[in-house]
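Hello,

Here is the structure I promised to pass on to you. Have a look at it before you read my notes.

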Amino acid sequence: MHALLVEDDDRMARALGTALAQRGHTVRRVGRALDALRHVHEAGFVLLDLGLPDLDGLELLRRLRTVCDAPLIVVTARCEERDIVQGLRAGADDYVVKPFRMAELMARIDTVRRRTDPRSGRAGAPPAHPAHPGGTGGGGGRPAPVRTGDVEVDLAGRTVTVAGVEVRLTRREFDVLAFLAARPDEVHSREVILDRIWGDVFLAASRSLDVHVAGIRAKTGRSHLVRTVRGFGYQLGSPAAPAEGDGAR
Ligand code: CA
């Protein structure tokens, strides 16, 4: 697969480029944000350093996300919780702090690519447990949109409307919401959500889940749309009537 490596440090770029090539990827390395924007459309996945000479990496990440949906991993020396949360919120699929073990980064690349590959069945609306069995794509009818309060989740069309107005969620936010909406009567454990949507249960993904739930609540303006079941997981909620035991936002 073709990788876009955004890294201004030559030594780091060489090491990463060699490791990627050894795993069969072709690599375009750029050292400036401007060049990243120019070449991102050709990338199968992106590795992004945040400390760049011409633009803050987080700002670049936001701009990349407006034009490109490719899997993206931030690879940076910034290790504050705040940076990690901002990176994930801005649309990174994973976040790796330097110094890192090369083998671990390569494994994370594989995981991110797997879970964002529509053919793998992990990305998109939950394929294994459709709300309407037999209704996902392949010849049958489309599954009916899931409604709760004034929120409508169209699993097939991957759209969300609140009071009739479409709300734009990131791909991952939609995946989480769609997973909950596909089986609205069940409480889903964090582990199951992480495994089914992220394909893994490692630390960054675990934090990422909370960030994405917060994003869903904020963007829809319906803080009770996702119900927190403390110490366990999440369930689709009723935006109008907060359920008992609903957790903090
Ligand atoms: Ca740098």
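Below are some notes on a metal site and on charged pairs.

This is a predicted model, in which local features need pLDDT of at least 70, side-chain atom pairs count only at pLDDT 80 or more, and totals for chains, interfaces and linings use all residues. Residues are numbered from 1 along each chain as its sequence is written, and side-chain values use heavy atoms, with hydrogens and water left out.

Let's start with the metal. D8 (OD), D49 (OD) and G51 (O) coordinate the calcium ion at 2.2 to 2.4 Å. Donors here are N, O and S atoms within 2.8 Å of the metal (3.2 Å for Na, K and Ca); water is not among the atoms, so sites may look incomplete. D8 sits in the loop between β1 (2-6) and α1 (10-22) and D49 in the loop between β3 (45-48) and α3 (57-67), so the pair ties together parts 41 residues apart in sequence. Helices (H or I, at least four residues) and strands (E, at least two) are DSSP runs, numbered from the N terminus.

D49 is buried at 6% relative accessible area, while D8 is partly exposed at 34%. Buried means under 20% relative accessible area, exposed over 50%, and partly exposed in between (1.4 Å probe, protein chains only).

Now the charged pairs: the whole structure holds 24 salt bridges, each a side-chain nitrogen of Lys or Arg within 4 Å of a carboxyl oxygen of Asp or Glu. One of them joins E152 to R147, with the closest N and O atoms 2.7 Å apart.

Happy exploring!
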